[in-house]
Amino acid sequence: MLVTLAAIQFTTALDFMVIMPLAPQFSRVFSLSAQQFGWLISAYTFAAAIAGIAAALVIERFERKRLLLAVYVGFVAAAAVTASAQSFSMLLLARALAGIFGGILYGVIFTMIGDTIPEARRGRATGVVMTSFAVATVAGIPIALLLSNALNWRAAFLVVAALGAINALIARRTLPYVAPVAPVEAEERERAMWSEFVRTLTFPNHLRAFLFTLLMMISGFTVIPYISLYMTSNIGLPEAHLPLVYLAGGIATFFTARWFGSWADHAGKRPVYRWIALISLAPLLIITHAPALSLLATLAVAVVFFVFVSGRMVPGMAVVTSAARPGARAAFMTLNGSVMQIGSGLAATLSGALIQRLPSGALQNYHWVGWIAAVTTLLAIWWVGTVETLDAAPVLPVIEEPIG
């Protein structure tokens with residue numbers, strides 16, 4: 001069951017992440033401005049945020065397996081529509097649809113884990129499913145880019161749709177049925193959920209944590225969506241070498257993220273976040289100001305960027321997780337997930353409005369995006385000290401064992 005859920009999560013992660021390194025092809029084929037490309041990112045994230053919140057209010061009424069399969073079929077269809085898009089408007093609509101289904105899938109997957117896995121083993125189960133993001137970075141994106149370079153950009157989304165169709169057939173056979181909550185109880189839970197929603201949304205420490213999350217997302221996602229476009233248009237990296245950038249960065253991050261997590265546990269989440277965030281200022285500014293570079297220098301800068309800009313999220317999210325009012329962690333984290341999506345969308349929209357493409361294809365004003373990312377990073381370094389640790393309940397130790 002967990003492997004099936006991880007495979008489903010892998011396709012949703014790949015669908016969202018692969019569009020960013022495909023920016024050069026999208027811009028060339030559809031003659032997109034930097035602002036229009038930002039809209040593609042924002043359409044997904046805003047739709048996912050809204051759909052996730054809406055689904056959380058009614059999910060108790062539906063049997064989990066049937067709901068997951070229905071939503072996943074919609075996601076596969078959205079990937080197919082993306083692959084067949086003939087215009088920017090059709091592509092924008094397809095990305096919004098993918099965001100709607102992807103946002104709901106995220107909630108359903110982790111609801112199924114909570115419904116079927118005992119609390120004592122839930123952490124390990126969540127870890128199995130979350131490895132899908134690392135696999136998408138290390139293997140999924142490079143393979144999709146290689147296929148797209150050999151054929152065209154549509155190949156990446158055809159792969160997502162094909163893998164999704166296979167996963168849906170496997171899920172139909174392997175996932176267990178989980179009975180929905182009784183109608184009366186569901187109505188009571190929905191009323192309680194609205195009350196909990198308001199309390200969670202207005203609790204002072206939650207608001208501070210939401211702002212911290214927003215600063216983290218803006219400080220990264222103003223830069224990240226346009227990295228591949230800047231590398232190919234300004235730094236001089238051939239499109240054929242983009243898979244190497246994501247492969248090298250993904251492999252490095254796969255190992256350093258675990259080390260950053262252990263470091264945060266031993267030295268404290270806030271101090272470690274501040275150190276990693278301070279170090280991340282260097283690659284943030286270098287990669288947004290870099291002139292033409294050799295392939296080796298480009299790979300080195302990209303790896304340092306991946307390691308520290310994504311690495312600061314490890315202690316940062318550990319701080320956020322412990323900021324919940326006791327007994328409200330699930331509702332708080334659901335809302336924080338939507339804040340992450342909204343922050344990503346706002347950041348992509350902001351940078352898209354600032355960046356201009358010259359007739360030569362080069363990006364202009366990307367350095368201003370780097371300075372905005374640096375300023376918001378410094379604000380986050382200061383603001384993290386205002387987020388209190390409230391929910392630090394002890395958990396059972398997790399024993400890492402090979403799966404199988």
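Phe157 is buried, at a relative accessible area of 0%. The model is predicted, and every value here is computed from it.

Start with the ring of Phe157. Its partner is Trp153, in an edge-to-face aromatic pair. The two ring centres lie 6.1 Å from each other, and the planes make an angle of 75°. An angle over 60° counts as edge-to-face, so the label follows from the 75° between these planes. Trp153 is buried too, with a relative accessible area of 2%. Both residues belong to one aromatic cluster, together with Phe26 and Phe30.

How many aromatic pairs does the count give? It comes to 18. Trp153 with Phe157 is an edge-to-face pair. Phe260 and Phe308 make a tilted one: the planes stand at 40°, with the ring centres 6.0 Å apart. This pair links distant parts of the chain. Phe260 sits in helix H11, residues 242-267. Phe308 sits in helix H13, residues 295-311. Phe260 is buried, with a relative accessible area of 4%.

Now turn to a pair of helices. H9 covers residues 204-221, and H16 covers residues 366-383. Their axes come within 8 Å and cross at roughly 155°. Angles over 145° count as roughly antiparallel, and H9 and H16 are therefore roughly antiparallel to each other. The crossing is left-handed.

Which residues make the contact? From H9 come Arg208, Leu211, Phe212, Leu215, Ile218 and Ser219. From H16 come Ala373, Thr376, Thr377, Leu379, Ala380 and Trp383. Sorted by class, the contact has 8 nonpolar residues, 3 polar and 1 charged.

The chain then leads from H9 into a loop. This loop runs between H9 and helix H10 (227-235), and Thr222 lies in it. Is Thr222 buried or exposed? Thr222 is buried, because its relative accessible area is 1%, and under 20% counts as buried.

What does Thr222 touch, leaving aside residues up to four places away in sequence? Its contacts are Met217, Ala347, Leu350, Ser351, Val369 and Ala373. One of these, Ala373, also takes part in the contact of H9 with H16.

Key: Residues are numbered from 1 along each chain as its sequence is written. This is a predicted model: local features need pLDDT of at least 70, side-chain atom pairs count only at pLDDT 80 or more; totals for chains, interfaces and linings use all residues. Side-chain values use heavy atoms; hydrogens and water are left out. Axes are lines fitted to C-alpha atoms, for helices over the stretch in contact, and angles run from 0 to 180 degrees between N-to-C directions. Helices (H or I, at least four residues) and strands (E, at least two) are DSSP runs, numbered from the N terminus. Angles under 35 degrees count as roughly parallel, over 145 as roughly antiparallel, 65 to 115 as roughly perpendicular and the rest as oblique. A crossing is left-handed if the near helix is turned anticlockwise from the far one by less than a right angle, and right-handed if clockwise. Contact means heavy atoms within 4.5 Å. Ala, Val, Leu, Ile, Met, Phe, Trp, Tyr, Cys and Pro count as nonpolar, Asp, Glu, Lys and Arg as charged, and the others, Gly among them, as polar. Rings of Phe, Tyr and Trp (its six-membered ring) pair if their centres lie within 6.5 Å; planes under 30 degrees apart count as stacked, over 60 as edge-to-face and the rest as tilted. Buried means under 20% relative accessible area, exposed over 50%, partly exposed in between (1.4 Å probe, protein chains only).
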